[in-house]
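Here is a short briefing on one protein model.

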Amino acid sequence: MCCDFKRRFLLLYATQKGQAKAIAEEIWQQAGAHGFEADMHCMSEMDEYNLETEKDPVVIVISTTGTGDPPDTARKFVKKIQDTALPPDHFAHVQYGLLGLGDSEYTFFCNGGKTVDQRLQELGAQHFYDTGLADDCVGLELVVDPWIDGLWLALKEAFLLQKEKEGMSGEAVSSALSAAPHIGHELNLSLEVQNFKLEDERVRSSDVLTQKLADIHLVASTGDTEPSLVHSVPPVSQSALNIPALPPEYIEVQFQDTHGENPHLSSLISEGTTFEVPVTKAVQLTREDAIKTALLVELDIADTVFDYQPGDAFCVICPNNVNEVEELLQVLGLSDKGEYFVCVKVKQGTKKKGATHPQHIPEKSTLKFLLTWCLEIRAVPKKAFLRALVECTSDAGEKRRLQELCSRQGASDYTRFIRDSNVCLLDLLHAFPSCKPSLNLLIEHLPKLQARSYSVSSSNLYQPGRLCFVFNIVEFHACPARPVSRKGVCTGWLAELVTPLLHPNKNTLDTKGESSSIGKICIFARPNNTFHLPADPSVPFVMVGPGTGISPFIGFLQHRQKLREEHTDWEFGEAWLFFGCRHQERDYLFKQLKCFLENGTLTHLKVCFSRDSSPAEVTSPKYVQDVIRLYAKEVARVLLKERGYFYVCGDKKHMADSVSDAVVDIISMEMEVDKLEAMKTLAMLREAKRYLQDVWS
């Protein structure tokens with residue numbers, strides 16, 4: 001018992017959407033096989049652990065949310081450790097390893113983890129294992145899997161050091177701990193053999209079984225030479241596989257043929273107060289032949305206390321597509337039970353550590369409500385879900401392929417055919433028809449259906465009691481792994497909802513005619529603490545917003561116009577807007593921008609059209625970053641000499657990064673410094689909240 005206790009380590013996770021928790025659970029599950037015991041807690045459960053007195057190694061898994069913030073579940077922890085009164089040796093006794101999760105599409109990559117890591121270092125804590133930073137842009141598993149693999153040796157060495165410090169016999173400790181990897185190796189082999197079992201329970205040799213499975217798979221796929229979602233090729237098809245441990249079931253579902261009411265949507269949201277507001281207007285801003293369809297939607301918030309500033313965002317609570325819900329019920333064989341109430345409870349005697357009733361799942365609702373409003377049925381299945389689906393699959397070839405897709409050896413196939421193809425549960429169930437998962441498995445593995453965030457495109461000062469927002473209807477085109485095309489969960493639903501309101505006059509913001517409501521939607525505020533107009537109206541600023549990235553800047557300009565009307569004695573600084581789209585006639589979203597220019601609200605308007613052809617003798621800039629370079633001196637003057645603000649809104653990968661590069665080049669040229677020094681200057685502007693981004697991937 002003493003040895004087991006001494007191999008305990010504290011495992012903390014902080015998650016926003018469940019990713020960090022799932023990885024922490026994977027570490028917890030593997031720990032026993034390596035001779036360790038993980039004491040796992042959410043970082044928010046601060047009454048369950050105490051870093052001030054912690055003597056054992058600490059492992060932290062933490063995600064990043066928003067524009068680089070720690071997740072909500074880490075806020076109290078971060079606030080506590082950022083207390084400036086803490087001495088520099090406050091955590092000198094702490095040995096820790098940290099795994100940060102993030103997305104390099106965003107500027108402050110893994111900033112949640114970096115913030116905690118840096119502060120722990122400042123307070124004297126020491127690494128026993130190098131920090132890992134996993135990138136969701138290319139696949140978290142590329143860093144997560146090897147980081148977990150290396151964790152066990154690092155923990156072993158940390159315990160050896162700890163024992164030596166306590167004056168224990170190094171030899172005795174070494175012999176005690178060296179058993180752990182040996183035990184772990186044998187247990188891993190045992191698990192591997194166990195996981196490969198398909199039909200013959202008496203088979204015990206993983207090599208024999210793997211060959212048997214490979215033969216079945218190859219025979220079933222004769223003639224296929226290219227891998228696909230349902231088919232693999234050597235070496236994967238002939239490899240022995242390292243697959244994750246089977247996650248323990250922890251949810252129990254009971255059907256009740258009773259009457260009642262479904263919970264109100266507001267009960268599904270923990271982020272703040274929800275408001276049910278009428279949709280009063282919808283305008284299509286693009287022509288029918290535009291590549292993307294952009295809509296402007298207006299909400300009536302007059303009878304609520306909902307408040308916002310231009311630059312803020314808000315969230316829309318949206319349902320899954322009704323046809324997809326019906327299809328899922330049919331595939332699961334539950335079509336006749338859609339209106340049945342289901343009672344969801346934690347399974348008694350479950351082996352899942354700290355199993356609790358999921359917050360986003362009502363204790364009682366109809367099955368259809370659960371699949372429509374609570375679970376993200378479009379989510380790309382994680383490897384742990386695939387591993388669980390293996391056990392629900394009867395066909396040997398299908399079973400083997402699902403094992404491959406969740407295995408270490410099939411990592412590239414998983415990325416290519418599931419992650420990059422945006423495959424969802426429905427796609428998998430069609431591709432692997434012998435897979436028949438239970439409802440409890442879906443509740444355990446499908447994440448919460450997240451509300452969708454949109455930038456406000458109006459000013460409460462300019463349009464009291466109204467809130468406008470602009471969006472493109474997202475399209476996911478069919479591909480071999482996903483044979484049907486789909487619209488975005490929220491944008492597709494909103495587009496269908498507002499169809500009766502769509503007005504033929506598509507290119508004006510202030511559409512004439514009577515407004516009428518076609519129903520209500522639930523929203524809640526998501527204030528932005530930084531992406532606002534300068535507090536001092538005399539400060540100049542630059543706005544860069546191609547496509548629907550112009551959305552918050554319409555609110556900026558409306559607000560500024562109203563301020564100019566009400567305060568004629570105020571001094572107003574320059575306002576620059578760089579806008580771009582594909583075609584001037586098809587998707588120039590707000591042609592009334594010229595009105596802002598004419599009345600002096602906007603000082604400079606620079607537009608470009610990337611797909612319109614120019615006369616051979618004229619080479620017009622195609623993209624906003626190209627236009628910005630043409631006005632290098634003016635941009636440098638506003639940003640550097642006049643201490644102005646620079647706002648960027650829109651696509652991160654294909655626009656915001658290019659704009660950032662252009663600004664670096666401008667700083668380098670105008671300040672006559674090298675690129676590295678220019679990048680440092682831009683970093684300082686970001687830090688000072690004078691270079692601000694509202695971007696998406």
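This is a predicted model. Four cavities of 30 Å³ or more are counted in it. The largest cavity has a volume of about 90 Å³.

**Largest cavity**
- Its lining includes L268, I269, I317, C318, H360 and W373.
- C374, K448, L449, Q450 and A451 also line the largest cavity.
- By class, the lining residues of this cavity split into eight nonpolar, two polar and one charged.

**Nonpolar core**
- The largest nonpolar core holds 53 residues.
- Those with the most contacts inside this core are L229, L328, L386, L389, I418, L428 and I443.

**Cysteines**
- The disulfide count is zero.
- C343 is buried, because its relative accessible area of 13% falls under the 20% cut-off.
- C479 has a relative accessible area of 22%, so C479 counts as partly exposed, between the 20% and 50% limits.

**Confidence**
- Mean pLDDT for the protein is 86.
- A pLDDT of 70 or more is reached by 88% of the residues.
- Over residues 169-222, pLDDT stays under 50. The model has 73 contacts beyond four places in sequence for residues 169-222.
- Over residues 504-515, pLDDT also stays under 50. For residues 504-515 the model has 26 contacts beyond four places in sequence.

How values were computed:
Residues numbered from 1 in each chain as written. Predicted model: local features only at pLDDT ≥ 70, side-chain atom pairs only at ≥ 80, totals over all residues. Heavy atoms only, no water. Core = buried A, V, L, I, M, F, W, Y, C linked by side-chain atoms within 4.5 Å. Buried < 20%, exposed > 50% of the residue type's maximum accessible area, 1.4 Å probe, protein only. pLDDT = per-residue confidence, 0-100. Contact = heavy atoms within 4.5 Å. 1 Å grid on protein atoms, 1.4 Å probe; cavity = no way out; pocket = protein on both sides within 12 Å on 5 of 7 lines; lining within 4 Å. Points joined across faces, edges and corners; volume = space filled by probe spheres on them. Nonpolar A, V, L, I, M, F, W, Y, C, P; charged D, E, K, R; others polar. Disulfide = S-S within 2.5 Å.
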